Amino acid sequence: MDDGQTEHSPSTDGPTEQRALHRDRPFWAATPHRKAPASREPVDRHYDVIVIGSGISGALVAESLADGVRRVLILDRRDPVEGSTLASTAMIQHEIDVPLHVLARKIGAEKAARAWRRSARAVEDLRLRVERLGINCAMTAKQALYLAGNEYGSRALQTEAQTRHEAGIAADYLNAAALQDRFGLSRTGAIVSDFSASANPAQMTAGLLRAAMARGAELVSPVEVTDVEERGETVILATSEGRLLTAGHVVFCTGYEFLKVMESPVHRIISTWALASRPDMARPGWLDGFLVWEASDPYLYFRTASGGRIIVGGEDEESATAFADPAKGRKKTRRIVEKLADLTGIDIGEPAYAWAAPFGNTTTGLPIIDRAPGAERVHVVMGFGGNGITFSAIAADIVRGRVEGIEDPDADLFRQP
């Protein structure tokens, strides 16, 4: 399609939901080194593990599993790195969408603290993995600046900072005067924390896929999986071309096109909007070292990228289809530009790139990393909210452990409710 929207609209065919995953071409689509070579058909009929999805989740899972011995096959109905990963703003945060003190009320203090600590560890593990693999994706360690807003004000942020301290997670609370003095921003309070990062998500994904392939994994697309069935210690997949594939384990890393059997009232699809400025934007010196987001609904979030661009997004709306409305997109883009200028004084003018996408979320802000109902060897990774890349790294650890017969100590945090 001329607007760059993916050709799949919501459908009832096959085991997963089919959705348009972004509208217009995100900034990352225009960057180099974001491709991984795919074959048209698998070499064999049986594999140890088949990973469905070649976005960031599938790439991390495949790279974790590919060891030069295990036979790993990666399938995608699209070309590699053409799904929702392209629409990510790649704010790789350890901070979960639901604040720790709020999450503690939902799932208990001990579980909430474990989830937050695991998230912080995942960001650092991912940064080290990218460095070890030599992936050139502008991976940069950053701090996070969480601003008081209309959902959580200064008192709530003070409580949040104290709750993080009690959980062993570093966080510095700034009052209004300290925030103004250090950052020149006018809010009633803020939290500064470490353990975050940013990157080019397309280059990261392609690099992970190439690393997996260097250790024997196969990448095949386009392939449409139409059915899945577990029989004993084997999972059987059927494709639209009439091919049958078998595996010891199958991992669905299809993001917001989740397995239909995993539909749940705790999971919902939301629309979001994002944009990238022209390069070399005038900006305060501190911004290059921070990810910034606010405790508001809808909230604004922003960071810088290579070349001095500013990546900014927000204006989320609880709708699975609103992102596809061009008129709404223009209105949302204008609003994001205005909000950034009001908060920071940065006027980016006409964005160089603007795009919109749906994303999945849950009532706890935590992902679902689980087995499909009634299955032992069909694994599902879904519901990532604003922490998609971070949670994908956790999913890779949990899934690898399950394939190897080892249950991750934090797996209970991410099961389907």
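This is a predicted model: local features need pLDDT of at least 70, side-chain atom pairs count only at pLDDT 80 or more; totals for chains, interfaces and linings use all residues.
Local features need pLDDT of at least 70 and side-chain atom pairs count only at pLDDT 80 or more, while totals for chains, interfaces and linings use all residues. Residues are numbered from 1 along each chain as its sequence is written, and side-chain values use heavy atoms, with hydrogens and water left out.

**Figure 1. The salt bridge between E63 and R215.** A salt bridge is a side-chain nitrogen of Lys or Arg within 4 Å of a carboxyl oxygen of Asp or Glu, and by this rule the count comes to 32 salt bridges. In the pair shown here, E63 and R215, the closest N and O atoms are 2.6 Å apart. E63 lies in helix α1 (residues 56-65) and R215 in the loop between α6 (201-214) and β7 (218-220), so the pair ties together parts that are 152 residues apart in sequence. Helices (H or I, at least four residues) and strands (E, at least two) are DSSP runs, numbered from the N terminus. E63 is buried, at 4% relative accessibility, whereas R215 is partly exposed, at 27%. Buried means under 20% relative accessible area, exposed over 50%, and partly exposed in between (1.4 Å probe, protein chains only).

**Figure 2. The salt bridge between K339 and E315.** The closest N and O atoms of this pair are 3.0 Å apart. Because K339 belongs to helix α7 (residues 326-344) and E315 to strand β14 (residues 309-317), the pair ties together parts that are 24 residues apart in sequence. K339 is buried at 14% relative accessibility, and E315 is buried at 10%.

Figure 3. R402 is buried, at 6% relative accessibility, while E407 is partly exposed, at 37%.

**Figure 4. The packing of α1 and α6.** The two helices pack at an angle of about 30°, with their axes 8 Å apart. Axes are lines fitted to C-alpha atoms, for helices over the stretch in contact, and angles run from 0 to 180 degrees between N-to-C directions. α1 and α6 are therefore roughly parallel to each other (angles under 35 degrees). The contact (heavy atoms within 4.5 Å) is made by residues including I56, L60 and E63 of α1 and M204, L208 and A212 of α6.

Notes:
Angles under 35 degrees count as roughly parallel, over 145 as roughly antiparallel, 65 to 115 as roughly perpendicular and the rest as oblique.
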